[in-house]
Amino acid sequence: MRSRRLLILVLLFALPALAGSRKITTQIHDVDMGSKAGDEILVFLTSGDVARLSPADSKLLAGLSSNQKSGGEPWVTLTLDTNRKIQKIVNAPTPAQPSISLTEKINLSLNMDSAVYTPTTVASIDIAKSYIAESRHPTKEETQCFNRAMVWSYEWWRKHSLRSNKVYVFWPKEYVRRYGFKWWFHVSPYVHVKDRDGKVRERVMDVKWLNRPYEFQEWANYHSVKDVKCIVVSKFSEYADHPFDSDRCYFIRANMFTWQPADLEMRE
C-alpha cells in the first residue's frame, strides 16, 4: 500500500511536467551559439518560435549540428518544456506541398509584383473591426502566425474583395537573448483604412490576439517583452545584418501573397 501511494505521488508530481511539454514540427532557420562560453544556445525556428538549449546537452547539440549540415532547412519535431528548453529532437518528413496550376503561378507572380498590386482602402474603422469580429480563430493548439495571416487575408478577399497587405516585425538575436523572448518574428495582415478624421492610415488586423485594428508600433509593443522602437526597412537583410541590436525591432511591409520570411529573403 505504501509503495502504491508513493507511485501515485510520483505520477502526480510528474504530470505537470508532461502536461507542460509541447511538440512542434517545423524547420530550423538558424542556431545562435552566443558570444561567450557557457551562453545558452538559441534555436530560431521557421515557425517564429525561439527554442533554447544548454551547451552542456551534447547529444541534442549534436542532433542540431547534423540537421544544420544536411543542407537547406530540414523538418524536425521538437519537444519543448514550459521554458521552451529542447527536451527531444527528431527528424520529421517534409510535408506534402499543394499542387498549383500554371495559370495560378502566373497570376500569383503578377500579384506579388508590387508595381501592379493595389491594396483596398477600407471605408471606416468600424468596418475594419467587423472584419476582425467575423474572422475565424484557430482551433488547433499549435498554429503558426504566417498560416493564420494567409487564411485571414484569403477569406477577406473572398468575402469582401479586400486586397490587404502584411507586416512582419522582427526582433534581433540580442534582443531575444537579453530579454528571454519567445519569438524572433511575427506577421499579421494590415489594411489601409479611412480613420475617423478622414485620413487613410495603416492598421494591423491581428485576429488571434486583438479585437480592433492597431497601429504598427502599438502592435509590436503588445507582443514585445520590452517595448523598443521599431524602424521600417524594405529588405530582410536590413534586419538580418544587425543581430546585436537590443534597442530596436524591424518592420517589413509585404503584399497579401507573401507567406514566410523566406519569401522576403527570396525577394532580394
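A nonpolar core is a set of buried Ala, Val, Leu, Ile, Met, Phe, Trp, Tyr and Cys residues joined through side-chain atoms within 4.5 Å. The exercises below apply this and related terms to the structure above, which is a predicted model.

**Exercise 1. The nonpolar cores**

Task: Determine how many residues the largest nonpolar core has, and which residues have the most contacts inside it.

Solution. 
1. The largest nonpolar core has 35 residues.
2. Within this core, F170 and W184 are the residues with the most contacts.
3. Strand β11 (residues 248-255) provides the largest share of the core, namely five residues.
4. Leaving aside residues up to four places away in sequence, F170 touches W184, F185, F236, Y239, C249, Y250, I252, P261 and L264.
5. There is also a second, separate core, which has 16 residues, including I41, L61, V76 and I86.

**Exercise 2. The pair R196 and D126**

Task: State how far apart the closest N and O atoms of R196 and D126 are, and which parts of the chain the pair ties together.

Solution. 
1. The closest N and O atoms of R196 and D126 are 3.2 Å apart.
2. A salt bridge requires a side-chain nitrogen of Lys or Arg within 4 Å of a carboxyl oxygen of Asp or Glu, and R196 forms such a bridge with D126.
3. The relative accessible area of R196 is 63%; because the cut-off for an exposed residue is over 50%, R196 is classed as exposed.
4. This pair belongs to a structure in which a search of the whole finds 15 salt bridges.

**Exercise 3. A network of salt bridges**

Task: Identify the residues linked with R203 in a network of salt bridges, and decide whether R203 is buried or exposed.

Solution. 
1. The network of salt bridges links D195, D197, R201, R203 and E215.
2. One of its pairs is R201 with D197, whose closest N and O atoms are 2.9 Å apart.
3. R201 is partly exposed at 26% relative accessibility, and D197 is also partly exposed, with a relative accessible area of 48%.
4. R203 and E215 meet through their side chains in a salt bridge of 3.7 Å, N to O.
5. R203 lies in strand β9 and E215 in the loop between β9 and α7 (216-223), so this pair ties together parts that are 12 residues apart in sequence.
6. With a relative accessible area of 10%, R203 is buried, whereas E215 is partly exposed at 43% relative accessibility.

Methods. Residues are numbered from 1 along each chain as its sequence is written. This is a predicted model: local features need pLDDT of at least 70, side-chain atom pairs count only at pLDDT 80 or more; totals for chains, interfaces and linings use all residues. Side-chain values use heavy atoms; hydrogens and water are left out. Helices (H or I, at least four residues) and strands (E, at least two) are DSSP runs, numbered from the N terminus. Buried means under 20% relative accessible area, exposed over 50%, partly exposed in between (1.4 Å probe, protein chains only). Contact means heavy atoms within 4.5 Å.
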